[in-house]
Amino acid sequence: MERVIFATGNEGKMREVRAILAESCGEILSMKEAGVRIDAAEDGVTYEENALIKARAVAAQMDGIIMADDSGLEIDFLDREPGVYSARYMGEDTSYRVKNANLISRLEGVPEEKRTARFVCAIAAILPNGIEKTVRATIEGRIGYEEKGLNGFGYDPIFYVPELGKTTAELTEEEKNLISHRGKALRLMKAELEKL
Ligand code: IMP
């Protein structure tokens with residue numbers, strides 16, 4: 001299969017991408033490894049649109065299978081905020097300690113059963129023939145009452161998975177990849193690519 005370029009600068013994401021796609025793809029490169037830079041405004045209103053914006057910006061400069069993802073946290077009680085704005089919530093440079101504390105305080109007094117939330121991930125791929133594909137996957141959970149766990153990133157310390165009795169920040173990278181929105185979306189995309 002053609003080489004894959006995954007449009008991210010995030011090394012953690014690249015490790016996950018490589019672990020999942022390795023057996024069905026040839027070379028898998030990050031943007032940095034491919035020597036490509038993009039400055040695309042992620043101004044879509046859906047995760048799929050934002051993933052496509054990034055993938056198209058790379059595809060304009062590079063050959064191969066181009067992939068990009070976009071993800072976010074949806075909290076039902078907050079009308080699915082922060083959603084597609086998850087990275088920009090309270091400002092891109094605000095620490096997640098502050099963002100997480102803010103979300104917990106916005107849920108003060110909200111009972112367990114109303115603290116439902118999910119991580120969402122869309123992955124877009126642009127094939128060498130120009131065909132565009134998108135997939136989406138989620139992981140359901142609840143917003144906790146305090147930050148727990150040191151692994152992962154972003155909103156992981158407040159994202160509690162009831163079946164496991166842990167936040168996603170208390171999981172190892174391998175454990176999280178098995179159940180995460182991004183892990184599931186990558187496996188869906190892998191299945192799409194294997195159909196080619
Ligand atoms: P992007 O998909 O890289 O644009 O990031 C979206 C934002 O959603 C991240 O910056 C985090 O705030 C949040 N997010 C997405 N996936 C996760 C996750 O697995 N754990 C914690 N936060 C996440």
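1. A backbone N or O atom of Tyr155 lies 3.2 Å from a nitrogen atom of the ligand, which makes it a polar contact (a pair of N or O atoms within 3.5 Å). Taken alone, the ligand exposes 480 Å², and the protein buries 89% of that (Shrake-Rupley areas, 1.4 Å probe).

2. Keep in mind that this is a predicted model, where local features need pLDDT of at least 70 and side-chain atom pairs count only at pLDDT 80 or more. Side-chain values use heavy atoms, without hydrogens and water, and residues are numbered from 1 along each chain.

3. A polar atom of the Tyr96 side chain is 2.5 Å from a ligand oxygen atom, and one from the Arg182 side chain is 2.9 Å from a ligand nitrogen atom.

4. Who else is around? The ligand has 15 residues surrounding it, with Lys13, Ser71, Tyr96, Asp156 and Lys176 the closest (a heavy atom within 4 Å counts as near). S3 gives the largest share of this shell, 3 residues, and helix H6 (181-194) supplies at least two.

5. Strand S3 (residues 65-75) pairs antiparallel with S5 over 10 bridges (DSSP must find at least two bridges for a pair). Met67 has Ala125 in S5 as its bridge partner.

6. S5 (residues 116-126) is mostly covered, with 10 of its 11 residues buried (under 20% relative accessible area, 1.4 Å probe, protein chains only). On to S6 (residues 132-143): 11 bridges join it to S5, again antiparallel, and Ala124 stands opposite Thr134. The S5–S6 hairpin has 5 residues between the strands, and Gly130 in the turn has a positive phi of about 90 degrees.

How values were computed
Buried means under 20% relative accessible area, exposed over 50%, partly exposed in between (1.4 Å probe, protein chains only). Helices (H or I, at least four residues) and strands (E, at least two) are DSSP runs, numbered from the N terminus. A polar contact is a pair of N or O atoms within 3.5 Å; within protein, one must be able to donate a hydrogen and the other to accept it, and residues adjacent in sequence count only if both atoms are side-chain atoms.
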